[in-house]
Amino acid sequence: MYLISFWRQTFSTLFHQKKPISNVYNLDFFQQFIVENTTIFRDNLSANIHKNTTLSKFAALAFVCLSEKRKPTIVDFGGGAGIDFFIARHLFGLDLKWICIETEVMCRIASTTGLNSGNLQFFSFDDYLQSGLLNEKSNLYLNSSLQYTPKPLEILRTLLSLKPRKVALIRTPVVVKGTEFRSKQNSLLEKNGPQIGPTGSVLMQIENSVVIPQLDSIQDLFEESGYEILFRNTQGQSAFERMGILNRPRREIRNLDLFATFRV
């Protein structure tokens, strides 16, 4: 029934929309959209995995999931409805314990739709910090999520203070020239979550606040927290190009992939 309600709300909003819908991560209709598309993706994984797996993601998932004497717990910060859990399970044949740290709205909807079960679990950030799971040996995975938090460096500092053994931070915009940058990011609804083909909502514009930290600040934080950076790569950042805020004389934003291990 939630899907019928979702589409009724979606099309009602679509036909009356005059400006982008803001801060959608805390809205039911958006998270229901992500959950529904993830369920479709999970049930048709072989047909859709190529549209949702980049070389960067493959390398990051291999880094945090493999080469362990014992199976790690994966802490997936901002993991949506668990798409990368299903991708990792398909790629590596491992059914690892996977914790998605998500909004309270996503956690609630994941529970009501049955996604929050078995080895895939959902926690809000505060609930995770108060849970009894912090003593588990875990690896941390952040896939294009840190920038959507109001204080990304503080969030990252807290996550690193829990001493995950491995950290993979990928597809994360950083300022390589200039100071920390705050803006709004506009996108189409259908470009969010698993890519499974047309959804009927191509005209719906959404908007989210982003905070893009400095590259040097992130690197310093890893080193201060006791991590050795094994790999770091920056490449072109396309999400903001249409907004005309890239590569100004005093600012350059790029995407960061970074793999690190905790120095024992």
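Author: Start with a definition. Two strands pair if DSSP finds at least two bridges between them. Helices (H or I, at least four residues) and strands (E, at least two) are DSSP runs, numbered from the N terminus. This is a predicted model, where local features need pLDDT of at least 70, side-chain atom pairs count only at pLDDT 80 or more, and totals for chains, interfaces and linings use all residues. Residues are numbered from 1 along each chain as its sequence is written, and side-chain values use heavy atoms, with hydrogens and water left out.

Reader: How many helices and strands does the protein chain have?

Author: The protein chain has nine helices and 10 strands.

Reader: In what order do the three strands of the open sheet stand?

Author: The general idea comes first. Strands of a sheet pair through backbone hydrogen bonds, either parallel or antiparallel. Here the order is E1-E8-E7, and the pairing is mixed. Strand E1 (21–22) and strand E7 (181–188) are at the edges with a single partner strand each, so one side of each has no neighbour in the sheet.

Reader: In which sense do E1 and E8 pair?

Author: E1 and strand E8 (residues 205–212) pair in the parallel sense, over two bridges. Take Ser-22: its bridge partner in E8 is Glu-207.

Reader: Which residues have the most contacts inside the largest nonpolar core?

Author: In soluble globular proteins, nonpolar side chains tend to be buried together. A nonpolar core is a set of buried Ala, Val, Leu, Ile, Met, Phe, Trp, Tyr and Cys residues joined through side-chain atoms within 4.5 Å. Buried means under 20% relative accessible area, exposed over 50%, partly exposed in between (1.4 Å probe, protein chains only). The largest core has 43 residues, and Cys-65, Trp-98, Phe-122 and Tyr-141 have the most contacts inside it. Elements giving two or more residues to this core include helix H2 (28–43), helix H4 (55–65) and strand E6 (166–177). A second, separate core has 26 residues, among them Ile-101 and Phe-222.

Reader: What is Phe-122 in contact with, leaving aside neighbours within four places in sequence?

Author: Contact means heavy atoms within 4.5 Å. The partners of Phe-122 include Gly-80, Cys-100, Met-106 and Leu-115.

Reader: How many residues of H4 are buried?

Author: Eight of the 11 residues in H4 are buried, so to read this helix is to read a mostly covered element. Lys-57, Phe-63 and Cys-65 are among the buried ones. Ser-67 follows H4 and has a positive phi, near 60°.

Reader: Where is Lys-163, and is this residue buried or exposed?

Author: Lys-163 lies in the loop between helix H8 (152–161) and E6. Lys-163 is exposed, at 53% relative accessible area. Its phi is positive, about 60°, although Lys-163 is not a glycine.

Reader: How many cavities of 30 Å³ or more does a search of the whole structure find?

Author: Rolling a probe the size of a water molecule over the atoms shows where empty space is left. On a 1 Å grid over the protein atoms alone, a cavity is a set of points where a 1.4 Å probe fits but cannot get out; lining residues have an atom within 4 Å of a point. Grid points are joined across faces, edges and corners, and a volume is the space filled by probe spheres set on the points. The search finds two cavities of that kind.

Key: On a 1 Å grid over the protein atoms alone, a cavity is a set of points where a 1.4 Å probe fits but cannot get out, and a pocket is an open set with protein on both sides within 12 Å along at least five of seven lines; lining residues have an atom within 4 Å of a point.
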